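These are my notes from going through one model, element by element. I wrote down what I looked up and what I found there.

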Amino acid sequence: IEEALRAENATKPIKEKIQVHKFRTTSQPRYSVFGLVKVEDLIALHKKHGRALYEKNIRYFIGAGRRGVNSAIRDTLLNAPQNFMHLNNGITLVGTHVEAKSRVRGSKLSKNIEVLGLSVVNGAQTISSAAQFLEQNPEADISSAQVLVTIINTGNDDFHKQVTKARN
């Protein structure tokens, strides 16, 4: 019964290219990418894929309250988007296959990272709150808002479960 329910509610694997700026990689023990991603790019992924983007996330989205973390995210985007990366813990993405592809035009330190089986395992609250903020404030200029990102190639095994648990 459990397998049937999981199959019925399963989402198709997401395949996306993500622009990572000031990127670095490591290959041992697993290929991983570290760098900065524009908050606008993460909001676009959120709008495009919805809940499927958070398939492997155990907490998904806590909610957009008036205080605490969600309020701080909105306040930073409204008043100091250039400080976003300094005031946020960062985002963790996993994928079954992660590969650095082409350079981003005009930048030696930026690459398009292709991720198959993309899932946000830590940072759903940040992305969802930012998306909600931009929806409520479409005139806001958040083009300078960036966030630290870690993209981990978890392969086809269950390593993503360890990453999700450890990073939450």
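I began with the cover over the buried residues of helix 2, in this predicted model, and found that it includes strand 1 (15–26), strand 2 (32–38), strand 3 (91–95), helix 4 (124–136) and strand 7 (146–153). The buried residues themselves, within helix 2 (residues 39–49), are V39, L42, I43, L45 and H46. I noted that they span an arc of only 155° around the axis, which places them on the same side of helix 2. On the face of helix 2 turned away from the buried side I found K47 and K48, both exposed. I then followed the chain just past helix 2, where G50 adopts a positive phi of about 55°.

Seven strands make up an open sheet, which I read in the order 4-5-1-2-7-3-6, with mixed pairing. Strand 4 and strand 6 (119–122) are at the edges and have a single partner strand each, so one side of each lacks a neighbour in the sheet. From one strand to the next, the twist averages 40°.

Opposite E99 I found E114, in strand 5. The hairpin that these two strands form has six residues between the strands, and in this hairpin G106 takes a positive phi near 85°.

I turned then to strand 1 and strand 2, which are paired in the antiparallel sense over four bridges. For T25, I recorded V33 in strand 2 as the bridge partner. In the loop between strand 1 and strand 2 I came to P29, and I checked the peptide bond leading from Q28 to P29, which is cis with omega near 0°.

My last entry concerns K22, which lies in strand 1. K22 is not a glycine, yet its phi is positive, at about 55°. Is K22 buried or exposed? I found K22 exposed, with a relative accessible area of 55%, where the cut-off for exposed is over 50%.

Conventions
Residues are numbered from 1 along each chain as its sequence is written. This is a predicted model: local features need pLDDT of at least 70, side-chain atom pairs count only at pLDDT 80 or more; totals for chains, interfaces and linings use all residues. Side-chain values use heavy atoms; hydrogens and water are left out. Buried means under 20% relative accessible area, exposed over 50%, partly exposed in between (1.4 Å probe, protein chains only). The arc is that of the directions from the helix axis to the C-beta atoms. Contact means heavy atoms within 4.5 Å. Two strands pair if DSSP finds at least two bridges between them. Axes are lines fitted to C-alpha atoms, for helices over the stretch in contact, and angles run from 0 to 180 degrees between N-to-C directions.
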